[in-house]
Amino acid sequence: MTGPVLVTTDLDRTLIFSPRATEVLGGGLPRSVVEVHEGRVISEMADVVRSGLAELGRMPADAVTVVPTTTRTVRQLQRIELPFTPRFLIAASGGVVLEHGRVDEDWARATAARLAGCAPVAEVRAVLDDLVADEVVLRAHTAEDLFCYAIVDPARFGVEEVERLTARLLPRSWRVAHQGTKVYLLPDALHKAYAIGHVRERLAGELGTAPELLAAGDTWLDAEMLELADRGWVPAGSEISRSGPPPWPHVILTATPGHSAAAEIVGAWLEHAAEVGERPRR
Ligand SMILES: [Mg+2]
């Protein structure tokens with residue numbers, strides 16, 4: 001690989017962590033608050049990660065482009081104080097691409113067309129609402145009118161409930177991802193990797209070559225993104241790491257968890273970007 005680099009990265013539990021996650025995962029480093037909601041600290045970022053991302057953000061676009069790629073809604077994403085201003089943001093698990101803060105309408109149309117092959121979000125939300133009524137889940141939400149998520153009590157919502165929900169939604173082309181107190185219900189048309197393909201194509205058109213893809217993520221919602229990447233990173237202690245080593249040969253498990261994993265990952269990107277910077281430009 002001798003060209004520009006595209007870095008697509010998950011945020012929660014990959015680059016930023018709640019105080020509670022740091023308590024559980026370890027790997028604490030000097031850090032500062034990057035997200036407050038309703039007076040509560042939601043997320044923190046290590047100082048070394050902040051400065052590393054800021055440095056990557058200052059590099060020319062023909063060297064490196066960093067794209068935060070998250071399942072958060074646009075509003076939840078914009079709550080985070082990032083140390084650089086990304087040109088592209090991928091939100092809603094790939095359902096929304098923002099460029100310079102504005103919705104990419106071409107991508108919105110392409111997503112809507114793909115979604116036509118899956119059950120409508122209202123139908124899936126009704127399934128969740130029934131589970132709220134039956135007190136199987138605590139609260140149900142619809143995100144960006146694209147997918148649903150629910151807040152659950154992990155003591156009351158286990159493997160059996162996930163299997164039951166999956167059996168019901170699979171034939172309707174939706175999938176279920178359970179992460180602690182959250183359950184995500186996503187249409188098959190929505191994947192981070194799809195949106196990354198779109199951004200990569202845009203960049204390829206401008207740069208004259210498809211950028212090399214580096215990616216990092218901690219959960220199975222990041223799987224397709226990591227699989228698509230040329231090189232990937234999974235934090236130690238993460239959901240993916242709990243099922244063993246990452247199942248892709250080009251994906252590395254960090255040596256340390258938490259903020260320390262984020263520091264490892266951003267450090268590797270900086271090293272890689274520096275190598276690219278040293279190569280002669282066309
Ligand atoms: Mg995450």
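A nonpolar core, as the term is used here, is a set of buried Ala, Val, Leu, Ile, Met, Phe, Trp, Tyr and Cys residues joined through C-beta atoms within 7 Å. In this predicted model, the largest such core has 77 residues. Ile 90, Phe 147, Cys 148 and Leu 185 are the ones with the most contacts inside it. Helix 9, which runs over residues 258-278, supplies the largest share of the core, namely 7 residues. Both domain 1 (5-112 + 190-278) and domain 2 (118-187) give residues to the core, so it lies between them. As a general background, nonpolar side chains in soluble globular proteins tend to be buried together.

Phe 147 is a handy place to look at the core up close. Setting aside neighbours within four places in sequence, Phe 147 is in contact with Ala 92, Ser 93, Gly 95, Val 121, Tyr 184, Leu 185, Leu 186, Pro 187 and Leu 190. Leu 185, one of these partners, is also among the core residues with the most contacts.

Now for the chain as a whole. The secondary structure comes to 9 helices and 14 strands. The radius of gyration is 19 Å, close to the 19 Å that the globule rule gives for 282 residues, so the chain is as compact as a globular protein of that length. Laid out along its principal axes, the C-alpha trace spans about 60 × 40 × 40 Å. Buried residues account for 44% of the 282 residues. Looking at contacts between residues at least 6 apart in sequence, 58% join residues at least 24 apart.

Where the two meet, the contact takes 12 residues from domain 1 and 9 residues from domain 2. On the domain 1 side, the residues that touch domain 2 sort into 6 nonpolar, 5 polar and 1 charged. Ala 113 sits in helix 4 (residues 105-115). With 10 other C-beta atoms within 10 Å, Ala 113 is exposed, because the cut-off for that label is 12 or fewer. The C-alpha atoms of Ala 113 and Ala 189 are separated by 9.0 Å, even though these residues are 76 apart along the chain.

Helix 7 (residues 192-207) has 16 residues, which at 1.5 Å a residue should span 22 Å; its end C-alpha atoms are 22 Å apart, so the two values agree. The buried residues of helix 7 are Lys 192, Ala 193, Tyr 194, Ala 195, Ile 196, Val 199, Arg 200 and Leu 203. An α-helix has 3.6 residues a turn, so residues three or four places apart point the same way. After helix 7 comes Gly 208, with a positive phi near 85°. Trp 269, for its part, is in helix 9. Trp 269 counts as buried because it has 22 C-beta neighbours inside 10 Å, and the label needs 20 or more. Apart from residues up to four places away in sequence, Trp 269 touches Val 7, Leu 56 and Leu 214. Between the C-alpha atoms of Trp 269 and Gly 52 there are 8.8 Å, with 217 residues separating the pair along the chain.

Most residues other than glycine have a negative phi. Arg 13, however, has a positive phi of about 65° although it is not a glycine. Glu 38 is another such case, with a positive phi of about 50°. Arg 13 is placed in the loop between strand 1 (5-9) and helix 1 (19-25), whereas Glu 38 lies in the loop between strand 2 (31-37) and strand 3 (40-46). Leaving out neighbours within four places in sequence, Arg 13 is in contact with Ala 21, Asp 218, Pro 235 and Ser 238. The C-alpha atoms of Arg 13 and Leu 25, which are 12 residues apart along the chain, are separated by 9.4 Å.

Definitions and conventions:
Residues numbered from 1 in each chain as written. Predicted model: local features only at pLDDT ≥ 70, side-chain atom pairs only at ≥ 80, totals over all residues. Helix = DSSP H or I, 4+ residues; strand = E, 2+ residues; numbered from the N terminus. Contact = placed C-beta atoms within 7 Å. Nonpolar A, V, L, I, M, F, W, Y, C, P; charged D, E, K, R; others polar. Rg over C-alpha atoms; globule rule 2.2 N^0.38 Å. Domains from an automatic or database assignment. Expected span 1.5 Å × (residues − 1).
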